[in-house]
Amino acid sequence: MTYSELAQYYLNKWELSPCRLVAKTRTSELIEVLGQNGTYVLKVLNDVGQVSEKNSPLVLNEWSGHGAVHLFKYDDKALLLEKLNGPDLYEFSIKNEEDTATSIFVEIIKKIHLNAVSELDDKIPRLDSVF
């Protein structure tokens, strides 16, 4: 598998070994990787992602795994994330099990809202100012 030059840079910089490409999205390249202490996901942001997801590390650090993945390392172009081993909501969807996927999604959102951190209010834009 060939990864972007930027992904190669972070694989080397953070001493990671690629396992597989998880996804390539409009904003990023997600690669399952092996590191010194286990398996992670390396999220390498492209130009669009570097703008649209610039507050991601701040939010992930504040939630600290409560409804969101743990963030282990980051800079303005890449994040090293916890690899989750739970169910894949997409798989439920393609099996016509949307109710199950929705229930899981709602539980995650509940966790995030229970752990909402008011300190973020002044650090990230409100959604109504973005959309």
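**The second largest pocket**

By class, the residues lining the second largest pocket of this predicted model comprise five nonpolar, three polar and three charged residues. To display this lining, select K13, W14, E15, L16, G35, Q36, N37, Y40, F72, K73 and L80. The space inside the second largest pocket amounts to about 170 Å³.

**Helix α1**

Next, select residues 5-13, which form α1. Within α1, the residues A7, Y10 and L11 are buried. Viewed down the axis of α1, these buried residues fall within an arc of 105°, so they line one face of the helix. Colour E5 and N12 separately: both are exposed, on the other side of α1. The buried residues of α1 pack against β1 (17-24), β2, β3 and β5. Continue to E15, which follows α1 and has a positive phi, near 50°.

**The nonpolar cores**

In soluble globular proteins, nonpolar side chains tend to be buried together. Here, the largest nonpolar core contains 13 residues. Select L11, W14, L16, V33, L42 and L80 to see the members with the most contacts inside this core. At least two residues of the core come from each of α1 (5-13), β2 (28-35), β3 (38-45) and β5 (78-82). A second, separate core has 12 residues, among them V59, L60, L71 and L81.

Now centre the view on L16. Which residues does L16 touch, not counting those up to four places away in sequence? They are Y10, L11, V33, L34, G35, L42 and L80.

**Helix α3**

Move on to residues 56-63, which make up helix α3; select P57, V59, L60 and W63, which are buried. Seen down the axis of α3, its buried residues fall within an arc of 165°, so they line one face of the helix. Two of these residues, V59 and L60, belong to the second core. Just after α3, select S64, where phi is positive, at about 45°.

**T27 in its loop**

Finally, select T27, which is located in the loop between β1 and β2. Is T27 buried or exposed? T27 counts as buried because its relative accessibility is 13%, and buried means under 20%.

Key: Residues are numbered from 1 along each chain as its sequence is written. This is a predicted model: local features need pLDDT of at least 70, side-chain atom pairs count only at pLDDT 80 or more; totals for chains, interfaces and linings use all residues. Side-chain values use heavy atoms; hydrogens and water are left out. On a 1 Å grid over the protein atoms alone, a cavity is a set of points where a 1.4 Å probe fits but cannot get out, and a pocket is an open set with protein on both sides within 12 Å along at least five of seven lines; lining residues have an atom within 4 Å of a point. Grid points are joined across faces, edges and corners, and a volume is the space filled by probe spheres set on the points. Ala, Val, Leu, Ile, Met, Phe, Trp, Tyr, Cys and Pro count as nonpolar, Asp, Glu, Lys and Arg as charged, and the others, Gly among them, as polar. Buried means under 20% relative accessible area, exposed over 50%, partly exposed in between (1.4 Å probe, protein chains only). Helices (H or I, at least four residues) and strands (E, at least two) are DSSP runs, numbered from the N terminus. The arc is that of the directions from the helix axis to the C-beta atoms. A nonpolar core is a set of buried Ala, Val, Leu, Ile, Met, Phe, Trp, Tyr and Cys residues joined through side-chain atoms within 4.5 Å. Contact means heavy atoms within 4.5 Å.
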